[in-house]
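Work through the exercises below with the sequence and the coordinates open. A solution in steps follows each task.

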Amino acid sequence: MEFLNPSALFGLLALPLLLLPYLIRRKPRRLVFSSLLLFMDAGETASRRPWGRIHLPWIFFLQLLMLTLLILALSEPMFSVRPTHIAIVLDNSASMQALEGGKTRFALAQAKANALLDEVGAAGTVDLYATTPRLEKIRAASLTPAEAKGAIMSMEPFDLADPPADYDNLLNQLAREHKYERISLISDHPARGQTAAIRVVQVGQTQANFAITQFDIQRSSLVNAGSEATIEVTSFSDRDEKLKVRLKSGATDLATRDLVVSAGKSASLTFQGFADHSFYAAEIDVRDGLPLDNRRYAVAPATRGLRVLAITPRPRALESLRAIPGIMIEIVSPNDYEKSSRTGFGLEIFHFAAPASLPQNNSLFILPPESNSLVDLGNPVNDVNVTNWRDPHTLTRYVNFNLFRPSYARPLKPQSTGEIVIESSKGPLAFSVERQGFRYLTLGFDPFPYLGRDNLPMSIFTLNLLDWLFESQGERGRATGTPIPLGKVGAGDRIITPPGQKIAVRPGANYFAGAFFQGIYQLQHDGESQRFARNLQDRSESDLRAPAPIELRSRAGVNNETSALFALWPYLLIVSVILLMLEWFINPRMRSYSFWRLAKPLPQRS
Amino acid sequence: MLPAPFTPHFLTQLETLRLRTRKEFLGSHTGSYSSPRRGTSLEFADYRRYAPGDDLRYLDWGIYARTDRLYVKVYREEVDLFAYVFIDASASMAFPSREQKFLPASHVALALSYVILANHDHVKLHLLQDRSSASPFYRGRRRMADCVNFATGANVGGALDLATSLSDHLQRLRRPGKAILISDFLMPAAAYQKGLNLLRAFNLDIAAIQVLTRQEVDPDFPAGSLALIDSESQREIRYQWNGTARRDYQTRLAHHNLELKSFCHQSGIHYSLYVNDRDLSDFIFATLPAIGLFK
């Protein structure tokens, strides 16, 4: 027998409360009597038992039985019949790596899955599904229970967050399409409103956890060769904790500091002056629920300078950027952009040009044509007066906007969500967008050519924008599951995954989509190696205290005819209602009898 | 103003009764009870040798004729009776109310007092409670009103230690006589035995009348858990009242009364039980004569 709503069984703990009305009702009635001499042996002194001897009438036991049946009915007991065609959906998200008494939640889920498979007849068939990166079948063909056990044991959780999915729809759809008698989703998320055919088996308890929620390595500035690491640690716990934070590269410890994190808050620290390495790891020393998020990875900025790819029909204006130290610029015409190799550049400047889609790189758009997806341009304006600007902001620092007067501008009409940095009386002039970790800046005026001291406000603004775009250059740690851009793939190119698996890159592929594990991925291309960091970046996965429940709704007509469960609760409900009516019928008569007996006059005796 | 049961007819009936004593006492005046002293009554007691100075009217001339010796006839002296009526006035006598228990008890006491007063004997009422109080001796039926005032005006309350309370009263008692103890006797056997033995030690002819209410004989508590409080000691016990408990109680009460009756029988004490719902005249004229309290 199973219970669809086992939490209702906690109601059984409340059954002793039924005694209360009887204790209150049976609170002794105080009566004065001439002498207690003849009661002494049989009675109990008040001091010995404060409540006296509890005398429970049989109606109490009737009510107890009725309540027990009612609670059992609420817990929706089901007789299960051996199913022959079931589906097991295993949650293989990152939070399933949380430890529960030395075992991971995923190991517990595997054990639960095996237990479910034991209920399936030997001739039954099983389909296995995993939830990440999306809900899909593990094997195309249906498996026997023995094969399914083997397949389950070979599965492992990914370092991925739960995909946003409506499990109610998805599982009902599966049940409809494949005629499953039962679908069991084994997850660390609780479920609300389970149905006879779709069951959620929860594994794991709420736990405290600490996670590195941000880890960035960046150059201090365009002209400063030193790097600095910023690490943010978040507490998903109810207690303050002093943690040891380590900055590492491989097995080498680069720096260590203590960090106090308040309960439920985040705290960050910065490391500076450490040795240059190609990639870094940040670690916190703590015993918590999920070890996975106690470590994060980042790749150092590719170069000390800034390699710029300029796409412009007017190359002379951009040639002036070569005057800025640390800037290495390569200029292509808009027509050659798609054919050019775009790897290794920290910034792409589209000067009177725009790509077909947003590039996977930091980009500056100067007076882009109408075809761009970020902004529309207004009518041309001469002698623009800047009326408003964001302050403080890297782009606007040290700029004297009283002297900042572009001779030609076209006000911007933003078409996507972003931030207006500089605004004129005619409309926005600078509009910034951050998307997927890349920064995009669109200007409604042309700051080039770079004139140095001859146009100080504009030169300072130009340096600011290069700094701002430089801040985020390099391969920063991105979320697991984010594809790795491959650029132009040659024969023999391959990806080395964090577990050390070498995967040949398919020619013509733009991305490697299998970055499901946290760590450093290496792209080997033409004898060069480029590193990419992928980290678990989902706070909800790290927060093991209150996982979001999976909402399930019972739907009429969904697989009812093939359900392997036989509902028992309606019968329990009917019996409890009959008992209620019996109690309602009998109890008033008991009371009236009692009243009659007490009201009876004393017989006269001679 | 006499209480309700004391109608003229009832009083007339009471006047026909006379207390019976099983002992001889020294009275103060001539009366109708025999005394151990020799006197001038009509009841012959003995012969003794004539001594000079004896009244020649009492010489038995027949004996002189046969034996040639002078003997005088000696007669018993008949004296009046001193009666002591002890009424339990402790708190237990006010259960369920003073009117339902103490007043019936005092009516019994008054009826017996009237019998004594109507015979020109002496009666003294004693209230048994934690502080002793007693009336003066009354004699003659005109003092009945004083008896009524004393008995019905008593305040009922307090705890009673029978032996201690009786001891207080007996210390001031000078003449032996008839003692009538009216109480519910709802006390341990040792307590009432000690008290009754004390009365016996004072050479009193004792009658014990146990007064109970119908509620005490057959309690009508509501079924369920009860907190019973002792009216005297205020002690509280929890009791589960039901049919079985009721039967248990009645068995215990019957055993208690039987033990009291047995002790009285062994000690030469008249014993009778009066339940308050019983007719007083029936009790006085049927039950008390049956136990030998009246001649």
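**Exercise 1.** Where does B:Pro96 lie in chain B, and is the peptide bond from B:Phe95 to B:Pro96 cis or trans?

Solution.
- Step 1. B:Pro96 is in the loop between strand 3 (82-88) and helix 3 of chain B. Helices (H or I, at least four residues) and strands (E, at least two) are DSSP runs, numbered from the N terminus.
- Step 2. The bond from B:Phe95 to B:Pro96 is cis, with omega near -5°.
- Step 3. Most peptide bonds are trans, and most residues other than glycine have a negative phi.

This is a predicted model: local features need pLDDT of at least 70 and side-chain atom pairs count only at pLDDT 80 or more, while totals for chains, interfaces and linings use all residues. Residues are numbered from 1 along each chain as its sequence is written, and chains are lettered from A and ligands numbered from 1 in the order in which they are written.

**Exercise 2.** Which residues of chain A does a cis peptide bond join at A:Pro133, and in which loop is A:Pro133?

Solution.
- Step 1. The cis bond links A:Thr132 and A:Pro133, with omega about 0°.
- Step 2. The loop that holds A:Pro133 runs between strand 8 and strand 9 (136-137) of chain A.

**Exercise 3.** A:Glu76 and A:Asp383 are not glycines; what is the phi of A:Glu76 and of A:Asp383, and is each residue buried or exposed?

Solution.
- Step 1. A:Glu76 has a positive phi of about 55°, and A:Asp383 has a positive phi of about 50°.
- Step 2. A:Glu76 belongs to the loop between helix 2 (58-74) and strand 4 (77-80) of chain A. A:Asp383 is in the loop between strand 25 (381-382) and strand 26 (386-389) of chain A.
- Step 3. A residue is buried if 20 or more other C-beta atoms lie within 10 Å of its own, exposed if 12 or fewer, and partly exposed in between, with C-beta atoms placed from the backbone.
- Step 4. A:Glu76 has 21 other C-beta atoms within 10 Å and is therefore buried. A:Asp383 has 9 C-beta neighbours inside 10 Å, so it counts as exposed.

**Exercise 4.** At what angle do the axes of helix 3 and helix 4 of chain B cross, and which residues make the contact?

Solution.
- Step 1. Axes are lines fitted to C-alpha atoms, for helices over the stretch in contact, and angles run from 0 to 180 degrees between N-to-C directions.
- Step 2. The axes of helix 3 (residues 98-118) and helix 4 (residues 144-152) of chain B come within 10 Å and cross at roughly 160°.
- Step 3. Angles under 35 degrees count as roughly parallel, over 145 as roughly antiparallel, 65 to 115 as roughly perpendicular and the rest as oblique. Helix 3 and helix 4 of chain B are therefore roughly antiparallel.
- Step 4. Helix 3 of chain B contributes B:Leu103, B:Ser106, B:Ala109, B:Leu110, B:Ser113, B:Tyr114 and B:Leu117 to the contact, and helix 4 of chain B contributes B:Met144, B:Cys147, B:Val148, B:Ala151 and B:Thr152. Two residues are in contact if their C-beta atoms, placed from the backbone, lie within 7 Å.
- Step 5. By class, this contact of helix 3 with helix 4 of chain B holds nine nonpolar, three polar and no charged residues. Ala, Val, Leu, Ile, Met, Phe, Trp, Tyr, Cys and Pro count as nonpolar, Asp, Glu, Lys and Arg as charged, and the others, Gly among them, as polar.

**Exercise 5.** How are helix 3 and helix 4 of chain A oriented, and which residues of helix 3 of chain A are buried?

Solution.
- Step 1. The two axes come within 10 Å and cross at roughly 175°, so helix 3 of chain A is roughly antiparallel to helix 4 of chain A.
- Step 2. A:Gln110, A:Ala113, A:Asn114 and A:Leu117 of helix 3 meet A:Pro145, A:Ala148, A:Lys149, A:Ile152 and A:Met153 of helix 4. Six of these residues are nonpolar, two polar and one charged.
- Step 3. The buried residues of helix 3 of chain A are A:Arg105, A:Phe106, A:Leu108, A:Ala109, A:Gln110, A:Ala113, A:Leu116 and A:Leu117. Their cover includes strand 5 (85-90), strand 8 (125-130) and helix 4 (145-154) of chain A.

**Exercise 6.** Which residues does A:Ala87 touch, not counting residues up to four places away in sequence?

Solution.
- Step 1. A:Ala87 is part of strand 5 of chain A and is buried, with 22 other C-beta atoms within 10 Å.
- Step 2. A:Ala87 touches A:Asp127, A:Tyr129, A:Leu174, A:His178, A:Tyr180 and A:Ile183, leaving out residues up to four places away in sequence.
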